Protein chains: 2
Amino acid sequence: MFSDSEENYLKAIFHLERFSKEGVSTNAIAEQMHTKASSVTDMLKKLAEKKLVNYVKYQGVTLTNEGKKTAAKIIRKHRLWEVFLVEKLDFSWDEVHEIAEQLEHIESDVLIEKLDRHLDFPKFDPHGDPIPSNDGTFPERDKVLLSDLSIGESGVCVGVKDTSSSFLKFLDKNGIALGKKIKVIDQEEFDNSLHIQVGKELFTISHIIASNLYLKSN
Amino acid sequence: MFSDSEENYLKAIFHLERFSKEGVSTNAIAEQMHTKASSVTDMLKKLAEKKLVNYVKYQGVTLTNEGKKTAAKIIRKHRLWEVFLVEKLDFSWDEVHEIAEQLEHIESDVLIEKLDRHLDFPKFDPHGDPIPSNDGTFPERDKVLLSDLSIGESGVCVGVKDTSSSFLKFLDKNGIALGKKIKVIDQEEFDNSLHIQVGKELFTISHIIASNLYLKSN
DNA sequence: AAATATATTTAGATAAGACTAAAAATGTAT
DNA sequence: ATACATTTTTAGTCTTATCTAAATATATTT
């Protein structure tokens, strides 16, 4: 149906779309895929012709419904295989990504249905990420606002409540991104601002910011 | 390490080598792979440079030891995946080939070892074909063609010579599967067709059928 | 608003793998 | 041994996906 390369681009755009209200930029895709911007442009044209993305020169891309469905299917396959590798073959959670990157391109709908059944219809992969169902909908996960954590608690950033570009730019500037681990170090009583640790860096953020950041608690 | 295409050529040459004492001809490979002779020539040059085949213009090819080892590894992966599909995912034996053709190219030695363990180190695939071990050696099994049995003799079905889906479907339809006990009741002198007993059922099968069914004699 | 910087696209090249058509080698028959 | 047929190789083209370098559009700064 689609080449491995096309599928990888769709997946990348899908993931990037969640963090940018606007279209996804060529450079962002290039960085994500470890390719050059010119290669991305070529592929975007191809995907646009196949009606998988909405592409306007110099304006970035968004996925069409068809593109989203296709991307969700690949992510579904990837995450189901990850469950298989960990649950059945006894891999540890940090070893499975590369192998699942290959397995996700195996083409057979029946295979995926049977695998899903074999694994007893899991809803989340070994990293806690949701496994989309056949129709492309993602199950909800228990996520907490950063502002609801207590001092000493930590979690992994899994999303934002406010998706305004100014907010996202602020996050970018401070190295906060999806998948980043955030720990609450201390809290100011006066204005409820938080001292947090992202990676090795320490920041102070306002309550407003903290109440717009979703974490997966661990 | 090697591209999917290179691996497929090695596999094809490996299988063809068993039937020809001489080198395998370009045309034979082309037919097996459903490509054109000119494409084969291109690939043979590439494989020769990588020391996987001994290639002399106009003389056909043979696999080097390295080539044999590589081919055996791919066949090992293919057959282990077939066992997985049938034993764990509940596929029937005529549905697994195409999927295994894709899975055999997944690259990860650890994966295959873990899969092997998960399947409890099987020695034969669902069609009764031997699964080469890590070092490339094939396990032997004393098996006889059903057509070589005499009247009154019986055996357990352990494999098929023809693995075409039409043949496998025929077998399914008549309740013949791996592990089934088959007994020769009588034989027609005119066309060598056999009257056999499978379980409690009686059938008549042609000589062609009988000469494509392997039994383990007992 | 002009100048500069950054992002994106175009143009042209490369590599893998396949193809067609033509040329060359090998095999077979008279 | 010559002529014909078949097999194999070569030469040149195509597609996919990538790249570099140059051109163009957009964004930012002064």
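This note goes through a predicted model, point by point, for a reader who is new to it.

1. Basis of the note. The model is predicted, so local features are taken only where pLDDT is at least 70 and side-chain atom pairs count only at pLDDT 80 or more, while totals for chains, interfaces and linings use all residues. Residues are numbered from 1 along each chain as its sequence is written, and chains are lettered from A and ligands numbered from 1 in the order in which they are written.

2. Chain A as a whole. Chain A has eight helices and eight strands, where helices (H or I, at least four residues) and strands (E, at least two) are DSSP runs numbered from the N terminus. The radius of gyration of chain A, taken over C-alpha atoms, is 19 Å, close to the 17 Å that the globule rule (2.2 Å times the number of residues to the power 0.38) gives for 218 residues, so chain A is as compact as a globular protein of that length. Along the principal axes, the C-alpha atoms of chain A fill a box of roughly 60 × 45 × 25 Å.

3. Buried residues make up 30% of the 218 residues in chain A; a residue is buried if 20 or more other C-beta atoms, placed from the backbone, lie within 10 Å of its own, exposed if 12 or fewer, and partly exposed in between. Among contacts in chain A (C-beta atoms, placed from the backbone, within 7 Å) between residues at least 6 apart in sequence, 55% join residues at least 24 apart.

4. The surface near DNA strand C. There are 20 residues around DNA strand C, and those that come nearest are Ser25(A), Asn27(A), Ser38(A), Ser3(B) and Ser38(B); a residue is near a molecule or strand if its C-beta atom, placed from the backbone, lies within 6 Å of it. At least two residues each are supplied by α2 (26–33) and α3 (37–49) of chain A and by α1 (4–17) and α3 (37–49) of chain B, and the largest share, five residues, comes from α3(B). By class, this surface near DNA strand C has four nonpolar, 11 polar and five charged residues, with Ala, Val, Leu, Ile, Met, Phe, Trp, Tyr, Cys and Pro counted as nonpolar, Asp, Glu, Lys and Arg as charged, and the others, Gly among them, as polar.

5. The surface near DNA strand D. Here Ser3(A), Ser38(A), Ser25(B), Asn27(B) and Ser38(B) come nearest of the 20 residues around DNA strand D. The elements that each supply at least two residues are α1 (4–17) and α3 of chain A, together with α2 and α3 of chain B, and α3(A) gives the most, with five residues. The surface near DNA strand D divides by class into four nonpolar, 11 polar and five charged residues.

6. Where the two chains meet. In all, 14 residues of chain A are in contact with 14 residues of chain B. On the side of chain A that touches chain B, α5 (97–103) and α6 (109–118) of chain A give two or more residues, and the largest share, four residues, comes from α6(A). That side of chain A consists of seven nonpolar, three polar and four charged residues.

7. A helix pair in chain B. The axes of α1(B) and α2(B) (residues 26–33) come within 10 Å and cross at roughly 115 degrees; axes are lines fitted to C-alpha atoms, for helices over the stretch in contact, and angles run from 0 to 180 degrees between N-to-C directions. Asn8(B), Tyr9(B), Ala12(B), Ile13(B) and Leu16(B) in α1(B) meet Ala28(B), Ile29(B), Gln32(B) and Met33(B) in α2(B), and the residues of this contact are seven nonpolar, two polar and no charged.

8. Two loop residues of chain A. Most residues other than glycine have a negative phi. His34(A), however, in the loop between α2 and α3 of chain A, has a positive phi near 55 degrees, and His34(A) counts as exposed with 6 C-beta neighbours inside 10 Å. Tyr58(A), in the loop between β1 (53–55) and β2 (61–63) of chain A, also has a positive phi, of about 70 degrees, and Tyr58(A) counts as exposed with 6 C-beta neighbours inside 10 Å.

9. A proline in chain B. Pro130(B) lies in the loop between α6 (109–118) and β3 (144–145) of chain B and is partly exposed, with 18 other C-beta atoms within 10 Å. Not counting residues up to four places away in sequence, Pro130(B) touches Lys123(B), Phe124(B), Phe138(B), Pro139(B) and Arg141(B).

Definitions and conventions: Contact = placed C-beta atoms within 7 Å.
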